[in-house]
Amino acid sequence: MVVSKLAHFSVRTTDMESSRRFYVDVMGFKEGFRPPFNFPGLWLYIGGDESDYGVVHIIGVDTNDSSGLAEYLGERAEEALSGSGVLDHVAFSATDLQEMYRRLKAAGLPFRERTVPSLGLHQVFVEDPSGITIELNFPAGESAIAIG
């Protein structure tokens, strides 16, 4: 077996709408096909390409009734519903830093950033509604344009 790429990551949340707004309105993903599982959720895609199985899976958790979810994915302690545990962050390559600034400010989301000079990379870090750190990697040249 040879692993060829990361297929997707999943986020369990008790606030599906906040997660949907973050990943759709801020990150720019598109809602798409999701099989009819016995628990709420969304599959989010990059652009309109649904040939893979989405890049982010949002899993809705109903703290009063999670029987369908527990049956399918197993039980999780309630305290595991925020933050990223031992996972530090998830990173995406991106373009159009100016547009991302606009989206982050419109959503009122705090972010931090830095440029890695030896890599020609400008990084923006933001947390999703569940406390997962998202790293966005832009070409460093875009930071000079965005600031200028």
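The model is a predicted one.

Stay on His-57 and show its side chain. The relative accessible area is 7%, and because the cut-off for buried is under 20%, His-57 counts as buried. Two polar partners can be displayed here. The side chain of Trp-43 makes a polar contact of 3.4 Å with that of His-57. The backbone oxygen of Tyr-53 is 2.6 Å from a polar atom of the His-57 side chain.

Next, colour the strand that holds His-57, which is E4, residues 56–60. E4 belongs to an open sheet of 4 strands, ordered E1-E4-E3-E2, with mixed pairing. At the edges are E1 (9–13) and E2 (30–32), each of which pairs on one side only. From one strand to the next, the twist averages 30°.

Zoom in on E1 and E4. These two strands run parallel and are joined by 5 bridges.

H1 lies across E1, E2, E3 (41–45) and E4, and runs at about 165° to E4.

Which residues touch the most other members of the largest nonpolar core? Select Tyr-23, Val-56, Phe-92 and Ile-134, out of 26 residues in that core. The elements giving two or more residues to this core are E1, H1, E3, E4, E5 (90–93), H3 (97–106), E7 (121–127) and E8 (133–139). In soluble globular proteins, nonpolar side chains tend to be buried together.

Centre on Ile-134 and show its contacts. With neighbours within four places in sequence set aside, Ile-134 is in contact with Phe-9, Phe-22, Tyr-23, Met-27, Val-90, Phe-92, Val-124, Phe-125, Val-126 and Asp-128. Tyr-23 and Phe-92, both on that list, are also among the core residues selected in the previous step.

Finish at H3. Its buried residues include Leu-97, Met-100, Tyr-101 and Leu-104. Look down the axis of H3: the buried residues fall within an arc of 105°, so they line one face of the helix. Then step past the end of H3 to Gly-108, just after the helix, where phi is positive at about 70°.

Terms used
Residues numbered from 1 in each chain as written. Predicted model: local features only at pLDDT ≥ 70, side-chain atom pairs only at ≥ 80, totals over all residues. Heavy atoms only, no water. Buried < 20%, exposed > 50% of the residue type's maximum accessible area, 1.4 Å probe, protein only. Polar contact = N/O pair within 3.5 Å; in protein donor to acceptor, adjacent residues only side chain to side chain. Pairing = 2+ DSSP bridges. Axes fitted to C-alpha atoms, helices over the stretch in contact; angles between N-to-C directions. Contact = heavy atoms within 4.5 Å. Core = buried A, V, L, I, M, F, W, Y, C linked by side-chain atoms within 4.5 Å. Arc of directions from axis to C-beta.
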